[in-house]
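Subject: Structure for your review

Dear colleague,

Please find below the structure that I am handing over to you. I would be grateful if you would look through it alongside the notes that follow.

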Amino acid sequence: MPWALSVPLLPEESLSSWFVRAALRQGCDPLSLTGAIWPTWRIWTRDIDREIPFVRMRPLVNASGISSAEFQKAGMRDDCEKVVGYSLPETRTWPWLLALGSRNRTRHGGQQVCTLCLAEDSTPYLRR
């Protein structure tokens, strides 16, 4: 069942940024939102900015009303593969992408942010 409040992906928006904005728009935290979409999958134990596996896409598409192609474009796989010139494995570190370190819900490393860009946004969000 689709959400009552739609949340479009913004230009060049990272997947993690979109999940946070979508959760806040629905009135919950990101962990609750993703738990409602995938009750048995712990999405926050991985770096979701890389990509959402295709086998996990249908519940997200049904809830959000956003196509799987748009979510695939919002991931980093296509950008990283253009840079390195070959297909990247689902696991392992990808060249040219800062790895997100995590243990449970504690994170370190990963996405860098331009605070000037965020300050200029009417709707602040993180870009790929």
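A residue is called buried when its relative accessible area is under 20%. Please bear in mind that this is a predicted model.

I begin with helix H1, which covers residues 15-26. H1 has twelve residues and spans 16 Å from its first C-alpha to its last, close to the 16 Å expected at 1.5 Å a residue. The buried residues in H1 are Leu15, Ser16, Ser17, Trp18, Phe19, Arg21, Ala22 and Ala23. Among the elements that cover these buried residues are helix H2 (30-37), helix H3 (57-64) and helix H4 (68-74). Just after H1 comes Gly27, whose phi is positive, at about 85°.

Next, the packing of H1 against H2. Two packed helices are described by the angle between their axes and the distance between the axes. For H1 and H2, the axes come within 8 Å and cross at roughly 90°. An angle of 65 to 115 degrees counts as roughly perpendicular, and H1 and H2 are therefore roughly perpendicular to each other. On the H1 side, the contact is made by Phe19, Val20, Ala22, Ala23 and Gln26, while H2 contributes Pro30, Leu33, Thr34 and Ile37. Sorted by class, this contact of H1 with H2 has seven nonpolar, two polar and no charged residues.

I turn now to the nonpolar cores. The largest of them has 22 residues, and those with the most contacts inside it are Trp18, Phe19, Ile37, Trp38, Ile52, Leu60 and Phe71. H1, H2, H3 and H4 are the elements that give two or more residues to this core. The most comes from H1, with five residues. Leaving aside residues up to four places away in sequence, Phe71 touches Leu9, Leu15, Trp18, Met57, Leu60, Val61, Ser64 and Ile66. Another core, of five residues, lies apart from the largest one and includes Met76, Val84, Leu88 and Trp94.

Arg50 and Ser14 are 36 residues apart in sequence, and their C-alpha atoms are 8.9 Å apart in space.

With kind regards

Key: Residues are numbered from 1 along each chain as its sequence is written. This is a predicted model: local features need pLDDT of at least 70, side-chain atom pairs count only at pLDDT 80 or more; totals for chains, interfaces and linings use all residues. Side-chain values use heavy atoms; hydrogens and water are left out. Helices (H or I, at least four residues) and strands (E, at least two) are DSSP runs, numbered from the N terminus. The expected span of a helix is 1.5 Å times one less than its number of residues. Buried means under 20% relative accessible area, exposed over 50%, partly exposed in between (1.4 Å probe, protein chains only). Contact means heavy atoms within 4.5 Å. A nonpolar core is a set of buried Ala, Val, Leu, Ile, Met, Phe, Trp, Tyr and Cys residues joined through side-chain atoms within 4.5 Å. Axes are lines fitted to C-alpha atoms, for helices over the stretch in contact, and angles run from 0 to 180 degrees between N-to-C directions. Angles under 35 degrees count as roughly parallel, over 145 as roughly antiparallel, 65 to 115 as roughly perpendicular and the rest as oblique. Ala, Val, Leu, Ile, Met, Phe, Trp, Tyr, Cys and Pro count as nonpolar, Asp, Glu, Lys and Arg as charged, and the others, Gly among them, as polar.
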